[in-house]
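Subject: Structure handover and summary of findings

Dear colleague,

Please find below the structure that I am handing over to you. A written account of the findings follows it.

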Amino acid sequence: MIVTPWEVAGKIDYDKLIRDFGTQPLTPELLTRIREQAGELHLQLERRIFFSHRDLDWLLEKYKNGEKFVLYTGRGPSGPVHIGHLVPWIFTKYLQDKFDAKLYFQITDDERFLYHDNFTMKEPQEWAYENALDLIALGFDPKKTRIILDTKSIEKLYTLALNVAKHVTFSTAKAVFGFQESTNIGLVFYPAIQAAPAFLESALVGYNVPCLIPAAIDQDPYWRIARDVAPKLGYYKPAQIHCRFVPGLGRGGKMSASLPETAIFTVDKPELARKKIMSAFTGGRATVDEQRKLGANPDVCSIFAYDYFLFMNRQEVEELRYNCLAGNIMCGECKNVLAERVVRFLIEHQERREKAKDRFEEFLFNPKDY
Ligand code: TYM
């Protein structure tokens, strides 16, 4: 298993990640607490799609005592957004609504320029705009959401990034991110830029504001650096809540833009998405007869994973699992049900995305406003 900000491969053992990364599991007690304070538990918590955290209990205690927190999450703009990316963003929207929280959303055009050998500055900046439309389409509150586009917002990030960078040695960065002799020095500095927004609100208002970062667990190395440095700079350590990876439509592996035939992009034509779903890997048997007799395996099925992550309520998922194991339902039928839901979702999302096109500036973090 490999889990880094740039590569996720192999069979992911989430319990091992909790141990290796030194995070905490989301316990039933903590879920009860979130339910009490938020008023309801998001499906992604109920299903343990968000499964791990750091200092969430601390953050909730602060909130109870009247200290509001800010949210911080982001996107590396190197292509279209896929449905996997939406999982942490949908959850972030729930947190914004329930806790009336401001969101900083960082779009790292700098990171993607440095990472992709064949990119000029133009590609990630164009994708930044395209990807921001997906965020806006999810319905974030423009008064409480600021999109940080690194190359445009750098004026307010740079001092923070310098302060972070000064406290991180090359040997730590190498150990945490696996940098090599051949890594360009832009990438070596970049973690300081991704750590900076965790402290931005505190720096802007002049007193400490707790920060919660919802993201998949691949981004965790950045937060280890940010948390290590925070007390040295006089800031609170940022808290995190980590989600699992939405798998691709192939056999194993996370949904990834580098495997477009097994990823559903938010800009896919509905018919193309349907086609991808109809050719997806499932937990089915070799023949219909065998499946009727022996049942299929939902635990390895990409179609079931989609229903579980995004498209079915609790009762539907339980029924589907039962019918799949019992051999009462065939894979073609299941694929059709999911395809209908994905197509409906895409049509609606694409309409909202279209409407977002003239709203980018409204969301953009403008350093001049501060
Ligand atoms: P990026 O663009 O690789 O991913 C954007 C967000 O999507 C999550 N993610 C997934 N979640 C579920 N299932 C998947 N298959 C899946 N693939 C990706 C990522 O964890 C991420 O939350 N360096 C970052 C950009 C960034 C950022 C941040 C992300 C800057 N600041 C703060 C999170 C929080 C990046 O390239 O993300």
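The notes below cover the sheet, the aromatic rings, a surface patch and the salt bridges.

This is a predicted model, in which local features need pLDDT of at least 70 and side-chain atom pairs count only at pLDDT 80 or more, while totals for chains, interfaces and linings use all residues. Residues are numbered from 1 along each chain as its sequence is written, and side-chain values use heavy atoms, with hydrogens and water left out.

The sheet

Helices (H or I, at least four residues) and strands (E, at least two) are taken as DSSP runs and numbered from the N terminus. Two strands are said to pair if DSSP finds at least two bridges between them. On that basis, seven strands form an open sheet with mixed pairing, in the order β3-β4-β9-β8-β5-β6-β7. Its edge strands are β3 (24-25) and β7 (145-149), each of which pairs on one side only.

Strand β9 (residues 239-243) is mostly covered, with five of its five residues buried. Here, buried means under 20% relative accessible area, exposed means over 50%, and partly exposed lies in between (1.4 Å probe, protein chains only). Ala239, Ile241 and Cys243 point one way from β9, whereas Gln240 and His242 point the other way; all are buried.

On one pairing, β9 meets strand β4 (residues 50-54) in the antiparallel sense over four bridges. Within that pairing, Ser52 stands opposite His242, and Arg54 has Gln240 as its bridge partner. Strand β9 also pairs with β8 (residues 211-216), here in the parallel sense over five bridges. Ala216 has Cys243 of β9 as its bridge partner. From β8 the chain crosses through helix α12 (residues 220-233) to β9, and this β-α-β crossover is right-handed; that is, with the strands pointing away from the viewer, the path from the first strand over the helix to the second runs clockwise.

Aromatic rings

The structure holds 26 aromatic pairs. Rings of Phe, Tyr and Trp (its six-membered ring) pair if their centres lie within 6.5 Å; planes under 30 degrees apart count as stacked, over 60 as edge-to-face and the rest as tilted.

One of these pairs is Trp6 with Phe179: the ring centres are 6.1 Å apart and the planes lie at 45°, so the pair is tilted. It links distant parts of the chain, 173 residues apart, with Trp6 in the loop between β1 (2-3) and β2 (8-9) and Phe179 in the loop between α9 (170-177) and α10 (185-195). Phe179 is buried, at a relative accessible area of 7%.

Another pair is edge-to-face, because the ring centres of Tyr63 and Phe99 are 4.9 Å apart and the planes lie at 80°. Tyr63 is in helix α4 (residues 56-64) and Phe99 in helix α5 (residues 83-99), 36 residues apart. Tyr63 counts as partly exposed at 23% relative accessibility, whereas Phe99 is buried, with 2%.

Trp6 and Phe179 also belong to one aromatic cluster together with Tyr72, Tyr115, Phe177, Tyr190, Tyr222 and Trp223.

A surface patch

Ile154, Tyr158 and Leu162 form a nonpolar patch on the surface, with about 260 Å² of accessible area together. Patches are made of residues with over 30% relative accessible area and no salt bridge, like charges being joined within 9 Å and nonpolar side chains (Val, Leu, Ile, Met, Phe, Trp, Tyr) within 5 Å. Accessible areas come from the Shrake-Rupley method with a 1.4 Å probe, and for residues only the protein chains shown count as cover. Tyr158 is found in helix α8 (residues 150-166) and is partly exposed, at 44%.

Salt bridges

A search of the whole structure finds 25 salt bridges, each being a side-chain nitrogen of Lys or Arg within 4 Å of a carboxyl oxygen of Asp or Glu. Arg274 takes part in a salt bridge with Glu271 (3.3 Å, N to O); both lie in helix α13 (residues 270-278), three residues apart, about one turn of the helix. Arg274 also forms a salt bridge with Glu340, with the closest N and O atoms 3.1 Å apart. That pair links helix α13 to helix α17 (residues 331-355), across 66 residues.

Kind regards
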